[in-house]
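Let's take a walk through this protein together, from its overall outline to its inner core. Keep the viewer open and turn the model as you read.

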Amino acid sequence: MTKEELIEKYPQYLNPEGIKTPIECENGWLPLIDKMCHEFDFFNHDNSLFIIRITQKYGALRVYTNWLTDEIDSIIRAAETKSLEICEICGKPGDIIGYNKPRNSWIVTRCEEHRED
Ligand SMILES: [Zn+2]
């Protein structure tokens, strides 16, 4: 799956009013976003929900939407939590790696193979 394919599948969440949501993570996490958007459908009763930004922070997926309910929030949190055990590059099982020093932090989630990427 590519980012373009995901945007075409869920234009209401990822291309609202023709403005594409920035997806600032690698493709290994796209299945998590796919599942999340599918689950949004059950709670997006007035069709007004969209995603403002998708990014990576401290090795985890971060998702920002234009509004939140408890249900939407728990769907996002489940995807964010799951991302901590999935390689951001390829989608295989992964672990948090990196280092954290003053002014030089680098924390990502990677499988063995993509440790150096
Ligand atoms: Zn990998």
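A residue is called buried here if 20 or more other C-beta atoms lie within 10 Å of its own, exposed if 12 or fewer do, and partly exposed in between, with C-beta atoms placed from the backbone. By that count, 28% of the 117 residues of the protein are buried. Please keep in mind that this is a predicted model, in which local features need pLDDT of at least 70 and side-chain atom pairs count only at pLDDT 80 or more, while totals for chains, interfaces and linings use all residues. Residues are numbered from 1 along each chain as its sequence is written.

Let's begin with the outline. The protein has four helices and four strands, where helices (H or I, at least four residues) and strands (E, at least two) are DSSP runs numbered from the N terminus. Their order from the N terminus is α-α-α-β-β-α-β-β. The radius of gyration is 15 Å, close to the 13 Å of the globule rule for 117 residues, so the protein is as compact as a globular protein of that length. That radius is taken over C-alpha atoms, and the rule is 2.2 Å times the number of residues to the power 0.38. Along the principal axes, the C-alpha atoms fill a box of roughly 45 × 25 × 25 Å.

Now look inside. A nonpolar core is a set of buried Ala, Val, Leu, Ile, Met, Phe, Trp, Tyr and Cys residues joined through C-beta atoms within 7 Å. The largest one has 24 residues, and those with the most contacts inside it are Y13, L32, I33, M36, L61, V63 and A79. Two or more residues of this core come from each of α2 (11-14), α3 (30-40), β1 (51-57), β2 (60-65) and α4. The most come from α3, which gives five.

Follow the chain onward to the loop between α3 and β1, where you will find N47. N47 has a positive phi near 60°, although it is not a glycine, and it is exposed, with 8 other C-beta atoms within 10 Å. Next, β1 and β2 run antiparallel and are joined by six bridges; two strands pair if DSSP finds at least two bridges between them. One of the bridges links I51 to T65 in β2. The two strands form a hairpin with two residues between them, and Y58 in the turn has a positive phi of about 50°. Y58 is partly exposed, with 13 C-beta neighbours inside 10 Å.

Which residues does V63 touch? Beyond its neighbours within four places in sequence, V63 is in contact (C-beta atoms within 7 Å) with M36, I51, I54, I76, A79 and E80.

Finally, turn to α4, where I75, I76, A79 and S83 are buried. They cover an arc of only 95° around the axis, which puts them on the same side of α4. The face turned away from that side carries the exposed residues D70, D73, R77 and T81.

Methods. Arc of directions from axis to C-beta. Contact = placed C-beta atoms within 7 Å.
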